[in-house]
Amino acid sequence: MNQVRPATPGLLDLPVEILVYILSHLDGYELARARRVCHDIRHMIDSSSELSYPIDLKYFNSIPDPSPGPDHTVSSLRKSLQQSEFAWQKAEYSKSKSISIPHIPFDFMWSCGILAFKVQDENRLKFLQPQVTDPDHSNSMSLREWECQLDSEFYLCGFSPTQNLLICLVRASTGSLSEPDEVHPEAGSAVVKTLDKEVGCELLDPPDISFSIFGDYCGILFIDVLTADRVPADILQIWNWKSKDVALCFKPAHEIMDFSFLTNEIILVANREELLLYSLVDFPDALHLTAKFSLPALRSPFEYETIRIKGSIPSHSRMHDHIIDINMKILGESFTRVTLYVERNTLLELQSTYTRQYGKARDSSPSLPWSKWGLKYTRSFKGDSHDSCKYVISGLRAVSLYGSQRMEPDPRPLCIRDFNPHRVADFKAGNGIRWNQRLIEGKTWSSGGGNLFLEPLGCSLPYIETITEEKFLGLDLIVEGNKVMLRTFDFVGRLESPTQPGRPDFVVNEAVSQSIEILSFE
């Protein structure tokens, strides 16, 4: 007699609570793949905020901030994330009333909604923070102001409000610099010696430096200083600010034009020919070279005069991936600026590609040719040397004032470029918002490089471009999270006489007042 075997219970026979618990151990990408298994699992994931939220975070390139808790449910955080992303896609924002601010020097700094600058000819540091005065009306703003007095001449290097950290470069003889009254509770030391005795510090006036903070590390690049042997050199000093007397002074054989932390363990360094990655794994004993990437070769007589890594990734960033902005000034009969975009995670992944092809990286090792990485992973734009409202990066999003800045003040719309590959794929498939947007992919004039380069520039990284209807008059543009800060100005025309006789008088527009305007995409 045939016996009927009992049916083996399947995955979907488990109680819903257990299935949700099992699926909760998957990350966003794994959950997205699990949705394709069958209709039942897809419905289960889509109907659960706890399971859908990780997918949204991956899709929108975000890290949860704040973390779920009693005051912030997963459902409310997911709704807030979606609202802000849809606001960016539709270019919808709430605009604060303009707040008048005092004159700000060119070398100001901005972090976490706080603007910092040195008061001219004084040993004072001033901070400005626009604040919402009425929570029910986001356009109701006031300006909080406070100052910090130092006991000697200083140069502001950087600050991190999330870490309550302020770092200044001060020239002082041994033992003459007094420690601050209140030392940072996590700092290993209040005062750190930044250059060893081999360097002639008298040439650092004013200092030609580049500075970066990331996590536990700080770094200062001293450019073209003279050693004790009167030999010019570029010196990069890195220290762990949470540890006492833990620092490394790096003097490479090649010049350094700029550097930036990519993670708490990897540093990106730029010189005239290549980009280099160094590991901090064995810090402070050594920096280990892990990969080298060639920059596109130039035709004669052009040469790279400067290369800057714009917009260092902040420690408080809530993005999984970031666009790295490599700004190159090319010198010939005149000079031209070209900006290269590459994703941070791409550079990190290319380390293994380099190792497979060349083995362990050394100073004498070859660089990965531009043709092997640049064409596939970068996108280029023609830069504007006089425009501080161009190519401002936040995660995989770039924000600019559209068009070129002219000598005459000219209001310009806001241009939002979204390089998120998930958004681009959906746009190509006809999904999502398409209002006032266009897809840019393939070669453009700027990716051709004209007659500057011997090899073609990258035309990868397709993006969605959105341009606002409203126009803005801006001196500076800064993006943090879901907010855009514009430093705007008012002009008064002044009649000037020509320097050459017989020419008519002309009007010069002079900025008479400055203000801050904040656009909130939330």
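Predicted model: local features only at pLDDT ≥ 70, side-chain atom pairs only at ≥ 80, totals over all residues.
1. **The chain overall.** The protein chain has nine helices and 28 strands. It runs to 522 residues, of which 44% count as buried. Look next at contacts between residues at least 6 apart in sequence. Of these, 58% join residues at least 24 apart.

2. **Helices α3 and α4.** Start with helix α3, residues 39-46. The axes of α3 and α4 come within 6 Å and cross at roughly 85°. Angles of 65 to 115 degrees count as roughly perpendicular, and α3 is therefore roughly perpendicular to α4. On the α3 side, the residues that meet α4 are M44, I45 and D46. Their partners in α4 are L51, S52 and I55. By type, the residues of this contact of α3 with α4 are four nonpolar, one polar and one charged.

3. **Helices α4 and α5.** Helix α4 covers residues 49-59, and helix α5 covers residues 74-90. They pack at an angle of about 30°, and their axes are 9 Å apart. How are these two helices oriented to each other? Angles under 35 degrees count as roughly parallel, so α4 and α5 are roughly parallel to each other. The crossing of α4 past α5 is left-handed.

4. **Who touches whom between α4 and α5.** From α4, the contact uses S49, E50, S52, Y53, D56 and L57. From α5, it uses V74, S75, L77, R78, L81 and Q82. The residues of this contact of α4 with α5 split into five nonpolar, four polar and three charged. Note S52 of α4: it is in the contact with α5, and S52 also takes part in the meeting of α3 with α4.

5. **Aromatic pairs, and a tilted one.** The count of aromatic pairs comes to 19. Take Y93 and F472 as one case. Their ring centres are 6.2 Å apart and their planes stand at 55°, so the pair is tilted. This pair links distant parts of the chain, 379 residues apart. Y93 sits in the loop between α5 and β1 (94-95), while F472 belongs to strand β25, residues 463-472.

6. **Buried or exposed?** Y93 has 22% relative accessibility, so Y93 counts as partly exposed. F472 has a relative accessible area of 3%, so F472 is buried. The cut-off for buried is under 20%.

7. **An edge-to-face pair.** The rings of F127 and F159 have centres 6.0 Å apart. Their planes are at 70°, so this pair is edge-to-face. F127 lies in strand β5 (residues 124-134), and F159 lies in strand β7 (residues 154-160). The pair therefore ties together parts that are 32 residues apart in sequence. Both F127 and F159 are buried.

8. **Around F472.** Which residues does F472 touch, leaving out those up to four places away in sequence? The list is Y93, K95, L401, D410, P411, R412, L414, L486, E517 and L519. Y402 is 70 residues from F472 in sequence. In space, the C-alpha atoms of F472 and Y402 are 9.7 Å apart.

Key. Residues numbered from 1 in each chain as written. Heavy atoms only, no water. Axes fitted to C-alpha atoms, helices over the stretch in contact; angles between N-to-C directions. Helix = DSSP H or I, 4+ residues; strand = E, 2+ residues; numbered from the N terminus. Parallel < 35°, antiparallel > 145°, perpendicular 65-115°, else oblique. Left-handed = near helix turned anticlockwise from the far one by under 90°. Contact = heavy atoms within 4.5 Å. Nonpolar A, V, L, I, M, F, W, Y, C, P; charged D, E, K, R; others polar. Phe/Tyr/Trp six-rings, centres within 6.5 Å; stacked < 30°, edge-to-face > 60°. Buried < 20%, exposed > 50% of the residue type's maximum accessible area, 1.4 Å probe, protein only.
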